[in-house]
Amino acid sequence: MDIHIVAGKLEEQVDDVLVRFGEGKASEVLIEPAPVGSEARFLLTIGLGEEAKVDLEVIREATGVALASARGLKISSMSMALPSLDEFPVDELAQAVHEALLLATYSYNEFKKMSEAKLKLSSINLIVDRKQLATATKGFNRAGVLISGVSLARDLVNQPPNNLHPEALVDVARKIAKNSHDQISVKILDEAACAKLGMGSYLAVGAGSEFPSKFIHLTYTPKNKSKQSFAIVGKGITFDSGGLSLKPADAMMTMKCDMGGAAAVLGLFSVMTDLAPKVTVHGIIAAAENMPSGKAMRPGDIVTAMNGKTIEILNTDAEGRLTLADALCYAVTLEPTAVVDLATLTGACVVALGEEIAGLMSTDEDLAVDLLAAADRAGEKLWEMPLPPRYRSLIESDVADLRNIATSRYGGSLTAGLFLQEFVGTTPWAHLDIAGPAFAERPMSSYLGKGGTGYAVRTLAEWLSQLR
Ligand code: BES
Ligand code: ZN
Ligand code: ZN
């Protein structure tokens, strides 16, 4: 798909469909023949609804609907006029529209060998006023950068798990570092190196797999020296069978998505030098595959994490927190200003917030506020949940310091969050449970289709851009 930004007037364009934003209910479509004299075939008007309620997400949604309608007309090119809304800066409008177009035209075709070539929409021009071209182009290009990171994350999540073992994530990380002009370094720890550091909790998770666990540490250093550094930790379970606490068949079907946090970290780092945040950023992934076998961890096993805390494993399907325990300990040793982790951690979070909204838990209110604001600007949905101290007793073990599942069936996301909190010490920390939105079993919006979504890449990019 070719998407360009072009200065001019919509009526003068020669593409098959001309699209303009107009009055009418939000995302309501009106299709008419193109005006006489125009070389186009159709004129499509997409509603934005009540002006007071228009925000960037309304614009993204309408853009997705317009694109879908245009595609229904079996045409090969379209021109879309940038909406003229005085209360929004032109660069933000161009960014939002381009984001929606790029996200909506993403497809994962690596293994579609037999599909036929059809007449497809292959060219989109975004038409802006000549005076606005320079400003609009800035936003347009920012969307290009962001969505390239999102698309990498989507590709990684969509990869079948027989094709994406921990080693494959290492390859991606190395490639990112190699393409970074020395601004990103990468350190890989194999199982022996992790054992030396005392990562008994993490290593237990991959013990049942034929494919070795790999610990990945990326570091982005800004051009100008910065005082602050931040660590972003992504859960990287390349497949979660549940282990000996085996999942039922239906629950396992989407478990290639269990590296969605890691995918977001890699997606973000793949565009980090373009985003060029002013702070140091660490990206940390404790990658492993959770499989049953004669060597797999057992319910009843006790393991010791890097900070010396012992954990009684009572359910091998609560493996994410075991890998994150050591990844968070490691992150804290880097003495960052704050740590943020992203994890497809609990089904309970999907029960609580549904498939489109991620849960946020944090020990630092300012950090939480910043992340919520970044998510809102990015168009990703995030909702804060508590870390109730009283529930801490639910993860106390009879025989070890902690147990990896709570003694209560309820509040599973919160007890998982409380478990992770045991490994961050006093470092400000936020945890995003992305089990819902990391993978879309049905389209998440008009512009974000099924499969891996790249959730959190845009939020983190927004957040990092604000840091000094
Ligand atoms: N990877 C799953 C969580 C998950 C569920 C992600 C649905 C995406 C969609 C996680 O490792 C898991 O299995 N969690 C268990 C925890 C339980 C055993 C305490 C769960 O949520 O059932
Ligand atoms: Zn699990
Ligand atoms: Zn998992």
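On a 1 Å grid over the protein atoms alone, a pocket is an open set of points with protein on both sides within 12 Å along at least five of seven lines. Its lining residues have an atom within 4 Å of a point. A volume is the space filled by probe spheres set on the points.

This is a predicted model, in which local features need pLDDT of at least 70 and side-chain atom pairs count only at pLDDT 80 or more. Residues are numbered from 1 along each chain as its sequence is written.

Start with the largest pocket. Its volume is about 830 Å³. The lining has 31 residues, and Lys-247, Leu-345, Thr-346, Gly-347 and Ala-348 lie nearest the centre. Helix α11 (347-353; helices are DSSP runs of H or I, at least four residues) gives the largest share of the lining, three residues. By class, 11 lining residues are nonpolar, nine polar and 11 charged; Asp, Glu, Lys and Arg count as charged, and Gly counts as polar.

Now look inside. Ligand 1 sits in this pocket, meaning that more than half of its atoms lie within 2 Å of the pocket's grid points. Around ligand 1 are 15 residues, each with a heavy atom within 4 Å of the ligand. Among the closest are Asp-317 and Glu-319.

For Asp-258, a polar side-chain atom lies 2.9 Å from a nitrogen atom. Taken alone, ligand 1 exposes 520 Å² (Shrake-Rupley method, 1.4 Å probe). The protein buries 77% of that.

Conventions: Chains lettered and ligands numbered in written order. Heavy atoms only, no water. 1 Å grid on protein atoms, 1.4 Å probe; cavity = no way out; pocket = protein on both sides within 12 Å on 5 of 7 lines; lining within 4 Å. Helix = DSSP H or I, 4+ residues; strand = E, 2+ residues; numbered from the N terminus. Polar contact = N/O pair within 3.5 Å; in protein donor to acceptor, adjacent residues only side chain to side chain.
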